[in-house]
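Biologist: Show me how to read a model like this one. I would like to start with charged pairs.

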Amino acid sequence: MSDRWLRRLQRWMLLCLILGFAGLLASSYAGLALGSGRSLPLLAGQSRRDLLVAAVIYACWIVGRPLIIASRRPHPPSRGRGRRDGASVVVPCCNAAHLIGDTVETILAQTYRPIEVILVENNSTDDTWRLCQELQLRHPDVVRAARVDVYAWEYACSVAINVGVQQARYESIIRMDCDTIMSPTMIEEALRELDEPGTSAVAVNLRLANPTASIITRLQSIEYLLAMELDRRFQVLFGSVVCCSGGLSAYLRSTIVDSGGFCSAPKWVSEDLDMTMKAHRLGHVRMAPGAIGFTWAPEDVSGIFRQRVRWGTTGIVAFYLHHRGIGRRSYWFDGRIGFFGLPLLGVIKLRDAMAFTYVVVALFAVLHGGWQWLLVFAAARILAVTTQLLFLLPFLRNRQGATSAWLVPVFICLYGPLMLVARCVGAWRGVLDIRRLRKQIVVLEHAGLDPQHHLARGLETAAVPVQADDVDAIPIEETPPAPRPKDELTPAPAKQQPRRPRPPSGRPSATRPERIEPGITAGAAIALVAVAAGWKIKRRAV
């Protein structure tokens with residue numbers, strides 16, 4: 001059998017695996033409503049042999065993934081495609097006066113050279129712009145400062161990144177948040193993967209900069225460890241890296257330009273997930289486990305809850321924008337993402353949207369004498385996560401999170417359900433936002449890449465210098481000018497649809513979202529109603 005048919009067989013087997021998982025989820029709800037109700041779904045009326053088989057399969061999934069990851073040997077570095085002539089680090093800055101200095105210092109401490117740092121300030125109300133100017137004066141050969149006005153309905157971070165990418169001199173782009181810091185070899189490790197043939201983007205190993213600040217950050221450190229060291233590295237095996245984190249990631253400049261740039265409007269589109277999917281259409285998306293960065297995380301319950309609601313909203317919208325790629329080889333550069341990563345993301349988003357049904361599951365289990373299965377399930381999950389940590393421990397690139405393993409019971413029993421509630425709220429808000437997109441109440445925009453409109457948007461910087469010696473010739477404004485009224489700004493280019501002000505919603509700005517398809521959610525809701533109706537008919541018959 002030829003390689004072409006083998007790869008096609010692999011893609012369809014992966015898709016069948018994901019669809020089987022979705023069917024298992026649906027049959028679980030059916031078992032709840034139409035089964036005996038004496039225990040949890042899929043357990044009612046099952047023999048011990050069936051339960052043993054299910055336990056063995058689950059154990060293989062838990063233990064197999066860390067072992068497969070551990071068995072992979074790092075590939076030798078690629079030689080000579082001519083791309084590693086330098087790296088441009090683009091840092092959007094907004095009210096980051098207390099952070100931007102440390103961020104730039106970690107960039108300047110990189111072992112890789114040459115590099116340039118482009119600081120793009122947007123809509124700050126503190127001294128961020130003044131500090132960016134001071135950093136440019138202090139490091140004139142490396143740091144450049146720019147400032148851009150952003151409309152109220154736009155996601156300022158995306159506009160700032162697009163502006164920085166447009167001015168970048170190098171083909172390798174490091175997209176970085178202002179509250180993120182790097183390990184000294186981060187750029188070198190990331191560009192080693194970016195130099196692989198056909199690569200368009202690289203995800204990195206992102207951890208917390210404040211892992212011991214509170215119990216909440218300790219729990220997040222466990223979550224980040226499992227997400228980066230287990231889930232993402234496993235996704236690499238199937239060419240299905242779902243998201244290059246908005247906090248820190250690497251792209252080719254041509255990838256960002258050819259895809260139209262980061263989505264700037266509406267605000268509730270996950271710009272990092274959307275760009276990752278677009279990068280999959282232009283090349284391979286890889287991961288560099290040794291490229292480690294650290295980002296600041298919320299330290300209290302309210303902060304983490306708001307963040308996950310925002311991620312749930314924006315993520316489901318981003319999924320919707322690319323849902324047509326499910327099961328379609330022609331939609332992608334490497335079709336495996338459409339047969340594994342994207343369908344799995346859809347199942348996860350469906351799980352998040354239907355998370356409220358877990359309350360019904362737990363209630364039925366308690367009322368019908370199956371409460372002991374809840375304890376068994378919780379104990380099994382605790383044992384599974386602990387086992388994964390133990391298997392991963394010898395192969396971790398960074399052991400942050402492993403020192404908080406004593407919090408695994410809290411992570412499973414309290415933190416997990418809380419995050420599920422947040423994602424459920426965010427998912428349903430995202431479904432409403434998808435409806436607005438479908439009715440064309442709002443339109444997608446990608447502002448900042450077009451140099452013709454930079455001055456009209458209030459951009460304060462010189463054109464990108466051709467020679468390195470010209471960097472220190474960039475003029476710097478000593479005092480920022482007063483903001484211009486919106487009616488004086490030049491309208492959008494003729495190719496774009498006219499901008500429409502976003503109606504006030506009182507919703508916080510979206511950062512790093514994820515998406516979902518409304519048809520899937522609607523179908524699941526209809527199926528759930530049908531199952532409930534069947535259960536009522538059965539009760540009447542009894």
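Biologist: In which helix do Asp 433 and Arg 436 both lie, and how many residues apart are they?

Modeller: This is a predicted model: local features need pLDDT of at least 70, side-chain atom pairs count only at pLDDT 80 or more, and totals for chains, interfaces and linings use all residues. Residues are numbered from 1 along each chain as its sequence is written, and side-chain values use heavy atoms, without hydrogens and water. Both residues lie in helix α14 (residues 408-438), 3 residues apart, about one turn of the helix. Helices (H or I, at least four residues) and strands (E, at least two) are DSSP runs, numbered from the N terminus.

Biologist: What joins the side chains of Asp 433 and Arg 436?

Modeller: Side chains of opposite charge can pair when their charged atoms come close. Asp 433 and Arg 436 meet in a salt bridge, 3.6 Å from N to O. The term needs a side-chain nitrogen of Lys or Arg within 4 Å of a carboxyl oxygen of Asp or Glu.

Biologist: Are Asp 433 and Arg 436 buried or exposed?

Modeller: Both are buried. Buried means under 20% relative accessible area, exposed over 50%, partly exposed in between (1.4 Å probe, protein chains only).

Biologist: Which distant parts of the chain does the pair Arg 308 and Glu 223 link?

Modeller: Arg 308 sits in helix α10 (residues 301-321) and Glu 223 in helix α7 (residues 215-236), 85 residues apart. Their closest N and O atoms are 2.8 Å apart, in a salt bridge. Both residues are buried.

Biologist: Why does Asp 274 count as buried?

Modeller: Asp 274 counts as buried because its relative accessibility is 5%. Its salt-bridge partner is Lys 278, at 3.3 Å between the closest N and O atoms.
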